[in-house]
Amino acid sequence: MAEYPEIPRHVAIIMDGNGRWAKERGLPRLQGHRAGAESVREVMEACIELGVEYLTLYAFSSENWSRPEKEVMALMGLLDRFLDEKAKDLDRQNVRLLAIGQLDRLPLKTRKLLERIQERTAGHTTLTLVLAVSYGSREEIIQAARSLATDAAAGTLKPADIDAELFASRLQTAGIPDPDLLVRTSGEMRISNFLLWQISYSEIVIVKKFWPDFRQGDLFETVKEYQRRHRRFGAL
Ligand code: IPE
Ligand code: IPE
Ligand code: MG
């Protein structure tokens, strides 16, 4: 699209504000999470239209396990439903699904669904949808460090050979380019343990709207904002 001269290759989104969206309407928090699913659908379509190659969505953090069990279970149920309903669309839209996070903490049903859809969509090429579920960046970095340390202790890796490229290859995002654009909704100015390594040079756009109010047009606006930025990567 000529209107969008430089499309971010990778957009990552912290989908925040579902609970406040519901509270404003006097609804239970779950209704906010439910309404947020429609935003996911719109944002995926917008990314496909723009030619974005990777879309990473922060759906559930490691820390979110500490929410009341009722909310956690409801979120898992919504995730199952989303995956069940989306599986066919992903095929139709040629979208590949990848899941990152501590997936072994998820209910078996959710894990199986994720595995099945990942396998089924592995060859799709239009967009890669990366779902961050039960995801925590510190845990991911620790796991990478542990895997390098294991190799070093076994004598198959020299500590001096560890560089940024090798380190990144041990993260769950191995092979995925770093996000160009990081969006967080609901006006909160924090990262909340999301992709700490990968966002070193991402452009950050904070949007005031709550996630369930975030629509295609809002995604286009964030991309326009991204295009007005001058990325320097430490140089001039
Ligand atoms: C984001 O909305 C969804 C998840 C973290 C799972 P919240 O549930 O954090 O909603 P707020 O931030 O309390 O409004
Ligand atoms: C971050 O939102 C996690 C997700 C959007 C999945 P939170 O609502 O959990 O973050 P904090 O607690 O406000 O930092
Ligand atoms: Mg929140």
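**Two ligands in a predicted model**

Student: Which residues are around ligand 2?

Tutor: Happy to start there, keeping in mind that this is a predicted model. Around ligand 2 we find Ile14, Met15, Asp16, Tyr58, Ala59, Phe60, Asn64, Arg67, Arg184, Arg190 and Ser192.

Student: Which strand gives the most to the shell around ligand 2?

Tutor: Look at Tyr58, Ala59 and Phe60, which are among the residues around the ligand. The top contributor spans residues 54–61 and supplies three residues: strand 2.

Student: How far is an oxygen atom of ligand 2 from a polar side-chain atom of Ser192?

Tutor: Let's take the side chains in turn. Asp16 has a side-chain N or O atom 3.2 Å from an oxygen atom of ligand 2, and for Arg190 the separation is 2.7 Å. For Ser192 the distance is 2.7 Å.

Student: And how much of the area that ligand 2 exposes when taken alone does the protein bury?

Tutor: Taken alone, this ligand exposes 390 Å². Of that, the protein buries 78%.

Student: With which residue does Asp16 form a salt bridge?

Tutor: Asp16 lies in the loop between strand 1 (10–14) and helix 1 (18–24). Its partner is in strand 5 (residues 181–184), 168 residues apart from it in the chain. The closest N and O atoms are 2.9 Å apart, and the partner is Arg184.

Student: Turning to ligand 1, which helix gives the most to its shell?

Tutor: The surrounding residues include Asn18, Gly19, Arg20, Arg29 and His33. Helix 1 and helix 2 (29–50) each supply at least two residues of this shell. The one that gives the most, with three residues, is helix 1.

Student: How far is an oxygen atom of ligand 1 from an N or O atom in the side chain of Arg20?

Tutor: Backbone atoms also approach this ligand: an N or O atom of Asn18 lies 3.2 Å from a ligand oxygen, and one of Gly19 lies 2.9 Å from a ligand oxygen. For the side chain of Arg20, the distance is 2.7 Å.

Student: What share of the exposed area of ligand 1 does the protein bury?

Tutor: The space this ligand takes is the largest pocket. Alone, ligand 1 exposes 380 Å², and the share buried by the protein is 86%.

Definitions and conventions:
Residues numbered from 1 in each chain as written. Chains lettered and ligands numbered in written order. Predicted model: local features only at pLDDT ≥ 70, side-chain atom pairs only at ≥ 80, totals over all residues. Heavy atoms only, no water. Near = heavy atom within 4 Å. Polar contact = N/O pair within 3.5 Å; in protein donor to acceptor, adjacent residues only side chain to side chain. Areas by Shrake-Rupley, 256 points an atom, 1.4 Å probe, with all protein chains shown as cover. Helix = DSSP H or I, 4+ residues; strand = E, 2+ residues; numbered from the N terminus. Salt bridge = Lys/Arg side-chain N within 4 Å of Asp/Glu carboxyl O. 1 Å grid on protein atoms, 1.4 Å probe; cavity = no way out; pocket = protein on both sides within 12 Å on 5 of 7 lines; lining within 4 Å. Sits in = over half its atoms within 2 Å of the grid points.
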